[in-house]
Amino acid sequence: MEKSCSSRTRLRYEHPAHSCSAFLSSLSAMRALPGPSSLSAALLLMLSAGFHVAALKTPHLLGRHRLARSFSQQRAVFYKTLYFDQQIDHFGFLENGTFKQRFLLNDKHWHQKNNPILFYTGNEGDITWFCNNTGFMWDVAEELGAMLIFAEHRYYGESLPFGDESYSNASYLNYLTSEQALADFAVLIENLKKSISGAQNSPVIAIGGSYGGMLSAWLRMKYPSVVIGALAASAPIWQFTDMVPCGDFYKIVTQDFANSGINCSKNIRRSWMAVNNVSSTDEGLQWLYKEFGLCSPLKEEDVGGFKGWLQETWVNLAMVDYPYEANFLQPLPRWPIKVVCSHLQFDTGVSDKQLLHGIAQAVKVYYNYTGTAVCLNISQTATGSLGIRGWFYQACTEMVMPMCTDGIQDMFEPQVWNFQAISDECYEIFGVRPREHWAGTVYGGKNIGSHSNIIFSNGGLDPWMSGGVTKNFSDSLVAIMIPDGAHHLDLRYNNEYDPQTVIRARALEVQYFKNWIKHSTIT
C-alpha cells in the first residue's frame, strides 16, 4: 500500500510530499544531527524504497459530507467523516488516555440488514488520500451491497494521540506501532457493529494496499473473529530480516527498466559514475544545475543527495508504471518507464554529458510531464504530504526492512545492508533502537499456513513483490499474480486501459469475497 531516502534500510516509506533527504535535512536541523550525506548508505537505501515513496499526493482535507475526486479518474466519491474515541494504549493499564480516530463511511449501497462491510486498514498517511485512490472498493460496493469504511492509522492525518505534541518526544511516539494500530481497527469494527443499526451480524472484510495491505492481512491473522477475510494488495509481509534477500527489491526495479527499452537499465547504471565525473569540477556542477533545470545550484556536498534523488525517482517510477495516465505520485503518461527509456537508448560510446542529458530528459518525464514545472527540486520526489515522520519512526522500531544493492544485478551504486549502523542512527535521532526480528516473531514470518481467508495480490512490475506472498498456501490462503501490474494496481479504479490480468484479478477477488460472505452467513 503504500517513500524513500536512499535506503529502505531503506526504511519503508509511504510518505508523500518531501523526499527522504529533505526530511532528514529538516530532522537534522531540529536535532543538530548530521545531514543526509552523513547518514549510512543502508539507512538511506531503506528510506529510498519507501512504500508510497517519498511523496504521495495528498488531497485537501475534506469536511463532513463533502465531495472528493480521485486524482486519476476524477470520479466523485461521497462519505461522512466521523471520529471514534480510541484508547492510546491497548496493551497496558497506566496510560488511560484516549484520542479521536478519524474514519470515513459510505453506506450508499448498504440497504439490507447485515450486509457486508468493506473496511480499509489505513496506511501511513491521511486517510482521505487512500479513500480517493482505492477505486476498487467504490467500484464493487454496489455489487456486494457493501458499506465502505476507511479507518485512519494512529499518528497520521488527524488521528494524533497527543495532538500537535504527538511527535515531540519518544514517550509520546512509543504508542506508534502496528500492533496498536491493529487493535484500533479491531475495537473500531466491534464498536461500529454494535452502534450501527442492522450491522450487528455484518461480515467485515479487511482491504489494504502496501503497508495497509500488510495490516489487512495481519488483522485477519490476529483478530479472525473480527474480520472474515482480507485482501492484502502489494503487501510485503516478508520484507524483513532473514525472510527474503535484501537485494531483490532493487533487482525488480532494474528489471522493469531493462524490459522497457534498449540499454535503459545499463545507461542508468553508468550514470552514477558520469555524475561523479561531471560533478568533480565547479563547471560540471553548474552544468548539472542547468541541464536538469534544478531550483538551486548544486554544490559539492549536494552530490550525494542529488544521486539519492535520482535513485528515488527510478524506484517511484517502478511502483507507478501504470498502463494509463495517472497522478498517483506525479502526473505521468501511460507506461511511464517506456517513455523514460526512450531517452536512454545510447550505446556505450557516448560522453558523460551526453549520457546525463538523456538522464535529465528521462527525469523530466517524471517531474514535468505536464510542462508546468518551473524548476526541479531535489528535495521532493512527489507532491502532497503523507506521514514521513511517522514512517521513519516505524522503520526505526519494528518495520525493519533490509535493502541492499550490488551494482551488478541491479542498476544502482553498491550499498550494503548494515543493521548496526541503522540502529545507531535511529538511536541518535529518536532515542530508540529497532528490533530486527520482532515483526517475524509477532506476525509469524513465513509460517502463516494455519491462517485462512487471505488474498495476497502482487504485480509483476512492483518492486514490493520481493517481500510479498506469491504462492498459494491453501484453498483459502491464496496468491493472485498480476504480471503486468505495478503497485496495487488492482485496488485502483477500473480503467479502459487495464490489462486483462488485472481485470481477471479483481473478478477473482470479488468471487472470494462473495464466497466468504456466503459462508459467514451460513455459520
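This is a predicted model: local features need pLDDT of at least 70, side-chain atom pairs count only at pLDDT 80 or more; totals for chains, interfaces and linings use all residues.

Me: Why are helices H6 and H7 called roughly perpendicular?

Reply: Helix H6 (residues 178-195) and helix H7 (residues 211-222) pack at an angle of about 65°. Angles of 65 to 115 degrees count as roughly perpendicular, and H6 and H7 are therefore described in that way. Their axes are 10 Å apart, and the crossing is right-handed.

Me: What makes the contact between H6 and H7, and how do its residues divide by class?

Reply: H6 contributes Ser178, Leu182, Phe185, Ala186 and Ile189, while H7 contributes Tyr211, Leu215, Trp218, Leu219 and Lys222. The residues divide into eight nonpolar, one polar and one charged.

Me: What lines the second largest cavity, and which classes do its residues belong to?

Reply: The lining consists of Trp218, Met221, Ile237, Ala439, Tyr443, Gly445 and Ile448. The lining has six nonpolar, one polar and no charged residues; Gly counts as polar by definition. About 30 Å³ of space lies in this cavity.

Me: How many residues line the second largest pocket, and which are the closest to its centre?

Reply: The second largest pocket holds about 370 Å³ of space. It is lined by 16 residues, of which Asn174, Thr177, Tyr393, Thr397 and Arg435 are the closest to its centre. The lining divides into seven nonpolar, four polar and five charged residues.

Note on methods:
Residues are numbered from 1 along each chain as its sequence is written. Side-chain values use heavy atoms; hydrogens and water are left out. Axes are lines fitted to C-alpha atoms, for helices over the stretch in contact, and angles run from 0 to 180 degrees between N-to-C directions. Helices (H or I, at least four residues) and strands (E, at least two) are DSSP runs, numbered from the N terminus. Angles under 35 degrees count as roughly parallel, over 145 as roughly antiparallel, 65 to 115 as roughly perpendicular and the rest as oblique. A crossing is left-handed if the near helix is turned anticlockwise from the far one by less than a right angle, and right-handed if clockwise. Contact means heavy atoms within 4.5 Å. On a 1 Å grid over the protein atoms alone, a cavity is a set of points where a 1.4 Å probe fits but cannot get out, and a pocket is an open set with protein on both sides within 12 Å along at least five of seven lines; lining residues have an atom within 4 Å of a point. Grid points are joined across faces, edges and corners, and a volume is the space filled by probe spheres set on the points.
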